[in-house]
Amino acid sequence: MAAQPSRGEKPFHIVSPVLESLSLSRAAGTKVYMKLENVQPTGSFKIRGIGHLCQEAAKKGCRRFVCSSGGNAGLAAAYAAKKLGLPVTVVVPSTTGPATVRKLEELGAEVEISGQVWDEANRRALELAQTEGWVSIHPFDHPSVWQGHASLVRELKDSLETKPDAILLAVGGGGLLAGVVAGLCQVGWQDVPIVTAETRGAHSFHAALAAGRLVSLPDITSVAKCLGAKMVAARALECAQECQVISQVVEDTEAVRAVEQFLDDERMLVQPACGAALALLYTGRLQRLQREGRLRTPLASVVVVVCGGSSIQAAQLQALKHQLGLE
């Protein structure tokens, strides 16, 4: 079993709502439940695992947190650090937008810009973490992060009358996938298939599955920068051996269209990284997997993890549409 917060120590995440979506259900041809991680205090699921890791590090006498992040993990680390009364340095790549940097600074984080992609920012964070008393808060590759994310599945078990026929989620570095697999094992749902979504140009998990080993992408070319780890965590590959994991790659255009459609349908604005998972539903990928015999027919219900994302604004959505020729 995953570690639970010790008695008297409240986790920093909230129990997020599980709502049925009529529009997504119509698109997918089956009942779709949304696990709304976009309403977490920091705007994404990251606060579950990052908050848990920060609480553990604080108990062991950590004097300062260091986190490398394209945005969401850094915001979670900054939020947790503020709650714990500890300083934090967040190292972000140069592709991180000014609005995200401002949010980090508003939470009290010291922000350092290093490199053009997350992997380069992470190298700098690991250098800083050599300082005595400083602890590296990895955005996705740490057992305590996975343990924190596993709480999401325990909440699903409490909310749903029956287990879903599939769980849909986006993969960046693989932390959410690892947490969901841990959660499925904890509640006895190991037989629930997981459909993962990545955008082309940030598809390091899909590439690793195809090769049967960890693969490093030459560069991150997708607009979904929050999926931008050139190489996934080794644990992600292990998860694919322990559970039924069906990997899907969507185009940037499909992810951004899904973001816009979701905004119209559900009045919620999420990042393209989250749009990748929603695109599985809007583009008929689910029905195709059923036709191929990779998912059961009929599906009684599925859950899509609306992982959220705090660095998205209306103007940015318009800019992405313009960049991708969607206007």
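This briefing describes the domains, sheets and helix packing of one protein structure. The model is predicted: local features need pLDDT of at least 70, side-chain atom pairs count only at pLDDT 80 or more, and totals for chains, interfaces and linings use all residues. Residues are numbered from 1 along each chain as its sequence is written, and side-chain values use heavy atoms, with hydrogens and water left out.

**Domains**
- The protein is divided into domain 1 (18-45 + 142-322) and domain 2 (46-136), with bounds that come from an automatic or database domain assignment.
- The C-alpha centres of domain 1 and domain 2 lie 24 Å apart.
- To their contact (heavy atoms within 4.5 Å), domain 1 gives 28 residues and domain 2 gives 17 residues.

**The sheet of 4 strands**
- Helices (H or I, at least four residues) and strands (E, at least two) are DSSP runs, numbered from the N terminus.
- Two strands pair if DSSP finds at least two bridges between them.
- An open sheet with parallel pairing has its 4 strands in the order β5-β4-β3-β6.
- Its edge strands, β5 (110-113) and β6 (134-136), each pair on one side only.
- Strand β4 (residues 88-92) pairs with β5 in the parallel sense over 4 bridges; Thr-89 has Glu-110 in β5 as its bridge partner.
- Helix α5 (residues 118-128) lies across β3 (64-68), β4, β5 and β6, and runs at about 160 degrees to β3.
- Such angles run from 0 to 180 degrees between N-to-C directions, and axes are lines fitted to C-alpha atoms, for helices over the stretch in contact.

**The sheet of 6 strands**
- A second open sheet, with mixed pairing, has 6 strands in the order β1-β2-β10-β7-β8-β9.
- The edge strands here are β1 (18-20) and β9 (245-250), each pairing on one side only.
- Strands β2 (residues 31-36) and β10 (residues 301-306) run parallel and are joined by 6 bridges; in β10, Val-303 is the bridge partner of Tyr-33.
- Helix α7 (residues 151-159) packs on this sheet and touches β1, β2, β7 (166-170) and β10, with a direction at about 130 degrees to that of β2.

**Packing of α2 and α3**
- Helix α2 (residues 46-59) and helix α3 (residues 72-84) pack at an angle of about 40 degrees, with their axes 9 Å apart.
- The two helices α2 and α3 are therefore oblique to each other: angles under 35 degrees count as roughly parallel, over 145 as roughly antiparallel, 65 to 115 as roughly perpendicular and the rest as oblique.
- Residues of α2 that meet α3 include Ile-47, Ile-50 and Cys-54, and those of α3 that meet α2 include Ala-73, Ala-76 and Tyr-79.
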